[in-house]
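Please keep the sequence and the model open while reading.

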Amino acid sequence: MFASIQGAINVNDIRKLARRRLPRAVFDALEGGAGDEVSLRRNRAAFDRIEFRPRPLADVAKRDLSTTVFGEQLSMPILLAPTGAGRLARSSAEIAVARAAARADVVYMQSTVGAFTLEEIAACSTGKLWYQLYLPPDRQEVKNLVSRIAAAGYRAIAVTIDTPVLGNRERDARNRLLARPPHPKVLLQGASRPVWATDFVRGRVEARRPGRPGRPVQQSLDQTRTSIKTSSDCVTWEDIELVRSLWDGPLLVKGLMRGDECDRLVELGVDGVVVSNHGGRQLDGVPATIDVLPEIVDAAARRLAVLLDGGVRRGTDVAKALALGATAVLVGRPYLYGLAAGGEDGVLRVIEVLREELDRTMALLGAATVADLDRSLVSGARVPGAPSPSER
């Protein structure tokens, strides 16, 4: 049995380390989905259903994982997704994630819900940062928020559109995770994990703002609860138009699950979409994101960058999404496992594992570059344009 983060050889190993360190209620908050968690399970099952059709005679002696998104070269087509639970996993939260992403030269999309301000996170990172935007209920505040995002150096904004209300996250309700005052059940679970509890209570953060004394000011537990509960609001077409008028950089819409909305998004000047069902944490019963990806890729018709999140746990999953037309993928839970298990080094280990797996998968598929990954390399019952197993 591996004893450290460096001994873990895949994301599931790192997940096991995280589970050992975290109280049950906290692990469930990272792991769980909405309702009966049908969509949560579908996200994984759909990847397993898709099969590879390798081209073994290709020259793959040298492989290049780099890609270009919005005119900027990325070291690989894997980004770190926005998540609001970093503070629960480890007190260093987004600071550790941003620094690990910078070390690995991958994009980190920072969430509006975080333990630190967007300025603090930007000041502690030398990497590429994007910003996931939950629109404030008072739309008069949007201009100020967008100005802050620009001033801090974030390179793209993704407006989340699938949270008019929070999903029915029954694990959290059953565990009384957000109760005030803390439920005795949660306190007892925390006490059973003294390393996690000490870190959570003390909130130690080693990052320092360049040229400034002290350390970033972290949210309290009550503030964390409040942000999780209030990170929902109804977003309309007019809101997308408003953000577009205020933001000059790349603009994405996160939470798209149907292709017939692409035309209007293009008309509004949106540059990209994230095919996402919020990790199965919002509306239960929607399809897996990988199942609707081809529809959205076809509807986008190269007018929009199409990214995907939901269920990605392996480099093979990344290759399947890219073969079906995704520009890049985002991972959320995997790096939260890494954050919980090993802080900044744990996040970095997750990125390294996925990079190694993607590189190996491309070699075995006969794809020397990301551009070589296309639909001819996959088959599955729900993959338009590719043969099903029965047709081969």
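Strand β6 is mostly covered, with five of its five residues buried (buried means under 20% relative accessible area, exposed over 50%, partly exposed in between, with a 1.4 Å probe and protein chains only). Helices (H or I, at least four residues) and strands (E, at least two) are DSSP runs, numbered from the N terminus. This is a predicted model, in which local features need pLDDT of at least 70 and side-chain atom pairs count only at pLDDT 80 or more, while totals for chains, interfaces and linings use all residues. Residues are numbered from 1 along each chain as its sequence is written, and side-chain values use heavy atoms, with hydrogens and water left out.

- β5 (residues 108-110) pairs with β6 in the parallel sense over three bridges (two strands pair if DSSP finds at least two bridges between them).
- Met 109 has Trp 130 of β6 as its bridge partner.
- From β5 the chain crosses through helix α6 (residues 118-123) to β6, in a right-handed β-α-β crossover (right-handed means that, with the strands pointing away from the viewer, the path from the first strand over the helix to the second runs clockwise).
- β6 also pairs with β7 (residues 157-160), in the parallel sense and over three bridges.
- Here Gln 132 has Ala 158 of β7 as its bridge partner.
- β6, α7 and β7 form a right-handed β-α-β unit.

- Leu 135 lies in the loop between β6 (129-133) and α7 (142-152).
- Leu 135 is buried, at a relative accessible area of 6%.
- Beyond its neighbours within four places in sequence, Leu 135 contacts Val 142, Val 159, Asp 233, Val 235, Asp 239 and Val 243 (contact means heavy atoms within 4.5 Å).

**Helices α2 and α16**

- α2 (residues 24-31) packs on α16 (residues 333-365) at about 155°, with the axes 10 Å apart.
- That angle makes α2 roughly antiparallel to α16 (under 35 degrees is roughly parallel, over 145 roughly antiparallel, 65 to 115 roughly perpendicular and the rest oblique).
- Axes are lines fitted to C-alpha atoms, for helices over the stretch in contact, and angles run from 0 to 180 degrees between N-to-C directions.
- Phe 27, Leu 30 and Glu 31 of α2 meet Arg 333, Leu 336 and Tyr 337 of α16.
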